[in-house]
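Here are my notes on this model, as numbered points. Please read them with the structure open.

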Amino acid sequence: MKIVIINGSYRKNGATACILNEMYQQLKEYSNVEVQMIHAADLELKYCSGCSICYKTGECIYKDDLENVSLKMGNADGVIIGSPTYASNVSGQMKVIIDRGHFVMEQLLYGKYAISVATYENYGGKDCAKVLNKLLSYSGAMISKTITVRNRFNVNPLEDARLREKIQKAVTRFYGDIAGQRKYILQKIKHFIIFHLGIRPFVLRKGSQYDGVIRHWRKRNIIGG
Ligand SMILES: Cc1cc2nc3c(=O)[nH]c(=O)nc-3n(C[C@H](O)[C@H](O)[C@H](O)COP(=O)(O)O)c2cc1C
C-alpha cells in the first residue's frame, strides 16, 4: 500500500507538519505500508504559466519537482494533504501544487483515498479545508477524513490529547478504507455527477486540444477505449 503525504506549509516543523508527521509515524507501523512525506518547502516549483500545453501532450512544459510529485500521487493508493490557512485559503505553496499537479482534469486521484488537514489560528480553517476537499473530490478521491485544527502559533498541536486520538482514528479508518476498498456511495455519486456532467463533456468539446487528458483517463480506466 503506497501512501504519499504532502505538507503544504513552508515550515517543516510547524503545526501542519506535526500532525502530518504523527500520521506518517502511525502509518509506518503497518508492515504493508510504504509511506512518503513530501514538504512543499523542499520542492523547486515554478508557477503554472497557463500555457495549457499539458492538456494536449499530457505533460507539463516545466521539468521541476512537481512532475515527480504528481507521478508519486498518481501511483499511490492513498494521499494525505495538509495546509496552513493563509487568508482563509490554502498556502501559496499548496496552491502552486494544486495548479501544477494535473489533479482535476487528469483525474489523478481517481479511486484513491484521502485525508485532508487544515490548521489555522483564528478564522478560516474551514475555508482552507474546503479548498483541499474540493481538489480531492473533483480529482476522483474518496475522502476518509477531514481534520481542521485551531492552534496557537508555535504551540505543538499534539499537546492536545483529543487531537492525538482524532488522528489515530483517522489513520485507522484511512488504512481500513484502502485495505477494504470502502465504497463511499454518496461521494461516488457526487464524483460521477462532477465528472460525467461537468468535466467530461467540457473536455470532449475541446477535441484534440485535450488529447493528453483523454490519454490519462484511458490509462486509469476512467473511460474505455
Ligand atoms: C501569511 C499568513 C496568513 C495567515 N492567515 C490566517 C487566516 O486567514 N486565518 C487563520 O486563522 N490563521 C491564519 N494564519 C495562521 C496560520 O494558519 C496558522 O498559524 C497555521 O497553523 C500555521 O501552520 P504551520 O505552522 O504548519 O505553518 C496565517 C499565517 C500566515 C503566515
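1. Is β4 mostly covered or mostly uncovered? This is a predicted model, so the answer is a computed one. β4 is mostly covered, with 7 of its 8 residues buried.

2. Look at the neighbours of β4. Strand β3 (residues 78-84) pairs with β4 in the parallel sense, over 7 bridges.

3. To get from β4 to β5, the chain passes through helix α6 (residues 125-138). This β-α-β crossover is right-handed.

4. Now the ligand. β4 (113-120) supplies at least two residues of the shell around the ligand, and so does α1 (15-28). There are 16 residues around the ligand, and Ser9, Thr16, Thr85, Asn122 and Tyr123 come nearest. By class, the shell holds 7 nonpolar, 7 polar and 2 charged residues.

5. An oxygen atom of the ligand lies 2.8 Å from a polar backbone atom of alanine 15. For glutamate 121, a polar backbone atom is 3.0 Å from a ligand oxygen. With arginine 11 the side chain takes part: one of its N or O atoms is 3.0 Å from an oxygen atom of the ligand. Taken alone, the ligand exposes 650 Å², and the protein buries 73% of that.

Notes: Residues are numbered from 1 along each chain as its sequence is written. This is a predicted model: local features need pLDDT of at least 70, side-chain atom pairs count only at pLDDT 80 or more; totals for chains, interfaces and linings use all residues. Side-chain values use heavy atoms; hydrogens and water are left out. A residue is near a molecule or strand if one of its heavy atoms lies within 4 Å of it. A polar contact is a pair of N or O atoms within 3.5 Å; within protein, one must be able to donate a hydrogen and the other to accept it, and residues adjacent in sequence count only if both atoms are side-chain atoms. Accessible areas come from the Shrake-Rupley method with a 1.4 Å probe; for residues, only the protein chains shown count as cover. Helices (H or I, at least four residues) and strands (E, at least two) are DSSP runs, numbered from the N terminus. Ala, Val, Leu, Ile, Met, Phe, Trp, Tyr, Cys and Pro count as nonpolar, Asp, Glu, Lys and Arg as charged, and the others, Gly among them, as polar. Buried means under 20% relative accessible area, exposed over 50%, partly exposed in between (1.4 Å probe, protein chains only). Two strands pair if DSSP finds at least two bridges between them. A crossover is right-handed if, with the strands pointing away from the viewer, the path from the first strand over the helix to the second runs clockwise.
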